[in-house]
Amino acid sequence: MLRERALANKDVISQQAEAEEATKQLVSLDAFSTQIREQLDEVKQNFRSGRVFAPVGGIISTGLAQTGQSLVAGAPIADILNPNDVYVDWYIPNERLIDPRIGNDVFVLFGHRRIPGKITEILPVSAVFGSSQQLTLRDRPATQIARIRFTSEASTPALNSTVCVHMHYSKISTDISRSLIKICGLD
């Protein structure tokens with residue numbers, strides 16, 4: 001009978017210890033649950049309940065973030081292009097007579113149309129490829145890129161259209177002609 005009583009006391013003590021440990025774990029789980037709820041509420045507040053709004057309306061470019069891709073803070077998920085702000089990035093060929101400069105007039109060929117434009121920026125290739133644009137390296141052995149904007153009355157091509165750019169060397173042609181006239185004495 002003493003043995004049975006000792007076994008019963010042992011069972012009672014172990015069950016009390018288990019109950020105390022379970023109570024401690026429940027308190028810890030309640031605190032953890034509260035902490036998770038607070039963090040979830042903060043995330044919902046910071047990310048507007050998971051809804052993403054674009055700052056402007058427009059056309060989404062092909063440079064999208066991939067599923068599972070890690071982005072640094074402030075990096076765009078997608079680029080939204082303004083359909084009213086159309087420009088051409090011209091990969092300046094390495095074989096050229098003169099270097100293009102900001103303000104030079106060019107013609108953009110789109111099908112059978114010649115659209116007048118002006119060089120507004122000259123960027124290094126790394127500035128464009130460093131952004132989220134896709135790398136399409138075929139037929140682009142260039143070291144610089146010129147950004148061409150169209151005149152206000154020009155009918156622009158559609159976004160992401162393939163175009164050709166022609167820069168006319170009228171000033172250098174004039175200088176060469178004058179030099180030849182002077183050399184040949186045809187004044």
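**Exercise 1.** Which residue takes a positive phi in the hairpin of strand 4 and strand 5?

*Solution.* In this predicted model, begin with the pairing: strand 4 (residues 105–110) and strand 5 (residues 113–124) run antiparallel and are joined by six bridges, with Val106 having Gly117 as its bridge partner in strand 5. Next, turn to the hairpin, where two residues lie between the strands and Gly111 takes a positive phi near 65°. Finally, look at the other pairing of strand 4, which runs antiparallel to strand 7 (residues 164–167) through four bridges, and in which Val108 stands opposite Val165.

**Exercise 2.** Find the parts of the chain that the salt bridge between Asp105 and Lys118 links, and classify the exposure of both residues.

*Solution.* The side chains of Asp105 and Lys118 meet at 2.8 Å, N to O, and this pair links strand 4, which holds Asp105, to strand 5, which holds Lys118, across 13 residues. Asp105 has a relative accessibility of 51% and therefore counts as exposed, whereas Lys118, with a relative accessible area of 38%, is partly exposed.

**Exercise 3.** Work out which residues join Arg147 in one network of salt bridges.

*Solution.* First, Asp89 forms a salt bridge with Arg147, their closest N and O atoms being 2.9 Å apart, and the pair links strand 3 (residues 87–93) with strand 6 (residues 142–150), 58 residues apart. Second, Arg147 forms a salt bridge with Glu121, with the closest N and O atoms 3.9 Å apart; because Arg147 lies in strand 6 and Glu121 in strand 5, this pair ties together parts 26 residues apart in sequence.

How values were computed. Residues numbered from 1 in each chain as written. Predicted model: local features only at pLDDT ≥ 70, side-chain atom pairs only at ≥ 80, totals over all residues. Heavy atoms only, no water. Pairing = 2+ DSSP bridges. Salt bridge = Lys/Arg side-chain N within 4 Å of Asp/Glu carboxyl O. Buried < 20%, exposed > 50% of the residue type's maximum accessible area, 1.4 Å probe, protein only.
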